[in-house]
Amino acid sequence: MKNNKLKTRDLIFAGVFAVLYVAVIVILASVTGMIPVVYVALPFIAGVLLGPVYSLYITKVPKMGAVIILAILAGAVMSASSIVVLFYVLALGIIAQIILSLTGYSDKGICLSYAVFACSTVGPFLVLYFARDVFMNACVQYYGQAYVAKLDAITPFWLLFVQIGIAVIGGLFGGRIGITMNAKHFKKAGVA
Amino acid sequence: MGKELAFSCGSFLKIDPRTKMMVFICCSFAALKETRWLFQGFLFALAFLLLINGKQYKYGMKMLCIYVLFLGLDILVAGKATGILLITVFAVCRITRMFLPVYMVFMLMMKTTRVSEFIAAFDRMHFPDEITIPFSVMFRFFPMMWEEWENIQNAMKFRGLSFSVKNIFTRPMQVYECAMVPLLADAVMIADELSAASLSRGLGADTKRTCITEVKIGFVDVVVMIIAIGLNISSAFAF
């Protein structure tokens with residue numbers, strides 16, 4: 001970490017990993033979107049699945065601002081429903097970056113910062129809680145009335161905190177898997 | 001997918017990358033908010049005309065067929081949808097139809113814009129490199145990742161661990177590991193190759209880059225942008 005400025009190589013890594021990150025979220029959302037109960041648990045599933053992506057990215061680019069760029073890219077894609085999501089994800093990215101800097105990029109630090117960053121997948125749901133009518137109207141268009149009635153029934157406001165909770169748990173779990181994977185595969189193969 | 005993404009250049013009226021981006025953003029906003037058939041039709045028409053302008057005839061026609069088919073299904077089935085199966089069919093039709101314009105403009109960007117044009121356009125808007133480079137990489141890497149993913153799936157099948165619903169539920173960790181590790185290893189390798197290539201193109205240099213393709217917002221761009229924004233505003237006032 002002698003040179004802390006982001007170089008072109010680091011920016012390219014950011015782009016490539018952001019594609020993986022976003023692609024997994026989009027695919028998961030469209031697959032689970034059909035079943036309301038699973039859809040609500042998306043933050044947990046995404047948190048577990050994306051752990052390795054995040055931790056390998058941080059290991060490859062351990063520099064100031066790397067997480068923030070990932071947050072901007074992922075946030076820009078997720079903010080299709082509302083621009084507020086971008087700022088939410090960006091704020092999480094900044095907190096994750098601070099945690100990483102404070103812990104000096106140790107395994108524990110990566111895990112902890114990812115637990116914060118994993119909350120970003122709650123972002124698209126924010127509209128569901130704070131602009132319910134708009135969201136439901138859109139959903140009627142996609143899935144029809146029956147789906148919306150079900151979604152409405154299983155998502156009271158307190159579920160927001162549950163979602164953040166499971167996102168953090170999923171993040172801790174995913175981060176752990178990511179670090180294990182780094183040690184088991186990527187360090188040996190000379191990739192990390 | 002690989003064949004469709006073959007790069008083709010030249011279009012009747014030159015359209016700036018910034019305009020395409022603008023239309024893309026407008027389309028995705030409108031697709032989420034707009035519910036009336038007429039305006040959805042306008043959106044589709046705009047995307048279709050842009051595709052034809054970019055000389056993507058075959059692809060444009062394919063999209064037109066899909067659109068008409070789904071619109072017809074929607075009209076015929078919508079009133080009578082009762083069973084769970086019919087509702088699912090109906091939902092798939094509608095979602096596809098609503099997001100088709102977005103997808104079309106996205107493909108238009110991918111097929112008719114060079115990365116250097118893209119970077120030059122971003123540069124002209126005074127975006128910092130920290131945003132420009134990752135975005136252009138994302139743009140280029142999406143189709144590559146799809147190819148890699150197909151290869152990985154084949155390799156998994158070869159080992160008797162196909163990416164199927166049954167395997168996902170019975171051996172989730174194994175499927176997860178066998179999919180994720182090669183995907184990440186590929187990503188790192190591709191990123192390394194891309195950075196070597198970009199170094200040879202002088203992307204790492206601190207000086208200002210020049211671009212041989214002229215990137216300029218002309219009369220056509222202004223017209224297209226006004227139409228795209230106009231469609232958006234009209235949908236915003238609809239509620």
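Which side chains meet in a salt bridge? Select A:Lys184 and B:Glu177: their side chains meet at 2.8 Å, N to O. A salt bridge here is a side-chain nitrogen of Lys or Arg within 4 Å of a carboxyl oxygen of Asp or Glu, and the count between chain B and chain A is 1.

Before moving on, note that this is a predicted model, where local features need pLDDT of at least 70, side-chain atom pairs count only at pLDDT 80 or more, and totals for chains, interfaces and linings use all residues. Residues are numbered from 1 along each chain as its sequence is written, chains are lettered from A in the order in which they are written, and side-chain values use heavy atoms, leaving out hydrogens and water.

Next, show both sides of the interface. Chain B and chain A each bring 39 residues to the contact (heavy atoms within 4.5 Å). About 3600 Å² is buried between them, 81% of it from carbon and sulfur atoms; this is the accessible area (1.4 Å probe) lost on being put together, summed over both. In chain B, pick out B:Met138, B:Tyr176 and B:Leu184, which lose the most area to chain A, together 17% of what that side buries.

Now select helix 6 of chain B, residues 129–158; helices are DSSP runs (H or I, at least four residues), numbered from the N terminus.

Technical notes. Buried area is the accessible area (1.4 Å probe) that two parts lose on being put together, summed over both. Helices (H or I, at least four residues) and strands (E, at least two) are DSSP runs, numbered from the N terminus.
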